[in-house]
Amino acid sequence: MELLDAFLPYLLPIVYAVAMISVFMGLCSYSVLAERKVSSWIQGRVGPNRTRLPLLGHIPILGNLLTGLGIFQPAADGLKFLFKEEIVPGHVNKFYYMLAPVVTLAPALTTMVVLPFGRYVDADGITQPLVLANVDLGMLIILGISSLGVYGIVLAGWASNSKYPFLGGIRASAQMISYELAMGLALLPVFMWAAFPGSDYGMSLFGAVQSQQTLWLFIWQPLSALIFLVALFAETNRLPFDMAESETDLVGGFHTEYGCFKFGLFFVAEYAHVIMGSALFVLLFLGGWNFLPGLADPWGNGLIGTLLSVGWFIAKVFAMIFFFIWMRWTLPRFRYDQVMSLGWKILLPLAVGNLVFNTIIIALYDTFTR
Amino acid sequence: MAKTKVLERKPLTFAEKTFLPQIVSGLKTTFGTMMQKGVTLQYPEERPNIPDNYRGVPTLVKDPNGREKCVSCQLCEFVCPPKAIRITPGEIDAEAEPERAHVEKAPQEFDINMLRCIYCGLCQEVCPEEAIFLQDVFSLSGYSREEMINNKEKLYELGGTLPDQHGKWDKKKAAEQSGKTH
């Protein structure tokens, strides 16, 4: 018993982390399903509706419903990737070829350490975030680590030692560099307002959410929200910015030479980035777990209140994921030079202007109200 | 001389230059499509409606009395562009059908190679006895080449009976009974 008490402080974080990773991976596989289903609905198709698990799929009405919605499909997809023949082409650099999928997935899973996903009220009546590590500069960690994901793509493109993956890797790196700047600059006003002189929220993501109790940030910072959203699409390599992949001109882009489980890892990593991006957008601009603009916290202080806040946050994240998929089938892919000119000639100046404008507003407000 | 009308291109407004209104209308379109009912047919369970004049797998039919209609004239064999039909003519068994024997012939063997058939329907068009028909079977598969050759039994099984009103042999019999053979 004493031994358990001694180890508990070390054991609990591991348990929490494993639990969060499991939930997160579950979300990843089901966003793959959501992608397949929503894509097919938008294209007037049906989508996966045949996979049926033995016992669960044969419950009279529920089983048919679940099968029709493709609920069991992610299991089939994952198993397919797992049991396919592991082919390594002869011309690749084996070490980096194997390393690339891991390097792509790891950052997406690492960033969720600082991602708050709900709130609880502790014994002293203070609202606390539900998060693995409540650090003050969580946003910086996310920005720093999530951009490491591009190394996986570049590594894959380079280690594959063939034309199309190479081009995909180059495009991905150029695109990442271009949009990272606009993304960071678009975020600065948000944190400037959240850590406003006299506000008690500070620079943490939790603070950013709590500062949106009365008004969500995308309502009064629409330009920041728009720039951040566009940059987010670019950073997650989603259409209309999937330069790294662009099936039509680069076969499969950086993962042309990959198959079976290594391709599966790339696939999961893409959706992990999408979920992280959605969660981030919800936290920063859509009020996190705050119920509605103006009506922040209708749920109580107890356990149910906590669960409701988490549920509402996840519902918003799902809405954002749906938006990502919806956007994918609405806009065609940009040409490469259009991506570059949008990033450097439009988004970056806009972000700088937005930053300067907000700085002046804050300075004026600070001068005249004090 | 066709009249050409030169459309004047207006410069884009500011809203149009940002592309945002266009993206919003595009989102509306895709969402509208998503809400529509799908047109997919769940194939093995649901089958499409086959129109009457569909050209499916060629089959042999029998007349309402269960007699073979084919007289093995071999016109279909000659007309078949990919040479998919192979007929071996034979005699009609005199004991089973005494009135037809030595008057008409019947195919001893009738093979249609479905690996060669192009479903053109010329055999049906050329047949003087209305014995061969392209019916509504559209999906055909097998494990070997031999399996894909439809023999006589298979062709009659697929074709069934055609409820026509010609009654060639019935008319002959009726004429004989009333004494007006010619």
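1. Of the 182 residues in chain B, 18% are buried. The structure under review is a predicted model, and the points below should be read with that in mind.

2. The overall form of chain B may be taken next. Its radius of gyration is 29 Å, whereas a compact globule of 182 residues would have a value near 16 Å. The C-alpha trace of chain B extends over about 95 × 50 × 30 Å along its principal axes.

3. As to secondary structure, chain B contains six helices and five strands. Their order along the sequence of chain B is α-α-β-α-β-β-α-β-β-α-α. Among the contacts in chain B with a separation of 6 or more, 71% are made by residues 24 or more positions apart.

4. Chain A has 14 helices and two strands. With a radius of gyration of 22 Å, close to the 21 Å that the globule rule gives for 370 residues, chain A is therefore as compact as a globular protein of that length. The C-alpha trace of chain A spans about 70 × 55 × 50 Å along its principal axes.

5. Buried residues account for 42% of the 370 residues in chain A. Of the contacts in chain A with a separation of 6 or more, 74% involve residues 24 or more positions apart.

6. Helix H7 of chain A covers residues 163–194 and helix H14 of chain A covers residues 336–369; the two pack at an angle of about 15 degrees, and their axes are 9 Å apart. Because angles under 35 degrees count as roughly parallel, H7(A) is roughly parallel to H14(A). The crossing in which H7(A) passes H14(A) is left-handed. The residues of the contact of H7(A) with H14(A) comprise 18 nonpolar, five polar and one charged.

7. The final point concerns the two chains together. Where chain B meets chain A, eleven residues of chain B are in contact with nine residues of chain A. On the side of chain B that touches chain A, the residues divide into five nonpolar and six polar, with no charged residues.

Methods
Residues are numbered from 1 along each chain as its sequence is written. Chains are lettered from A and ligands numbered from 1 in the order in which they are written. This is a predicted model: local features need pLDDT of at least 70, side-chain atom pairs count only at pLDDT 80 or more; totals for chains, interfaces and linings use all residues. Axes are lines fitted to C-alpha atoms, for helices over the stretch in contact, and angles run from 0 to 180 degrees between N-to-C directions. Helices (H or I, at least four residues) and strands (E, at least two) are DSSP runs, numbered from the N terminus. Angles under 35 degrees count as roughly parallel, over 145 as roughly antiparallel, 65 to 115 as roughly perpendicular and the rest as oblique. A crossing is left-handed if the near helix is turned anticlockwise from the far one by less than a right angle, and right-handed if clockwise. Ala, Val, Leu, Ile, Met, Phe, Trp, Tyr, Cys and Pro count as nonpolar, Asp, Glu, Lys and Arg as charged, and the others, Gly among them, as polar. The radius of gyration is taken over C-alpha atoms; the globule rule is 2.2 Å times the number of residues to the power 0.38. A residue is buried if 20 or more other C-beta atoms lie within 10 Å of its own, exposed if 12 or fewer, and partly exposed in between; C-beta atoms are placed from the backbone. Two residues are in contact if their C-beta atoms, placed from the backbone, lie within 7 Å.
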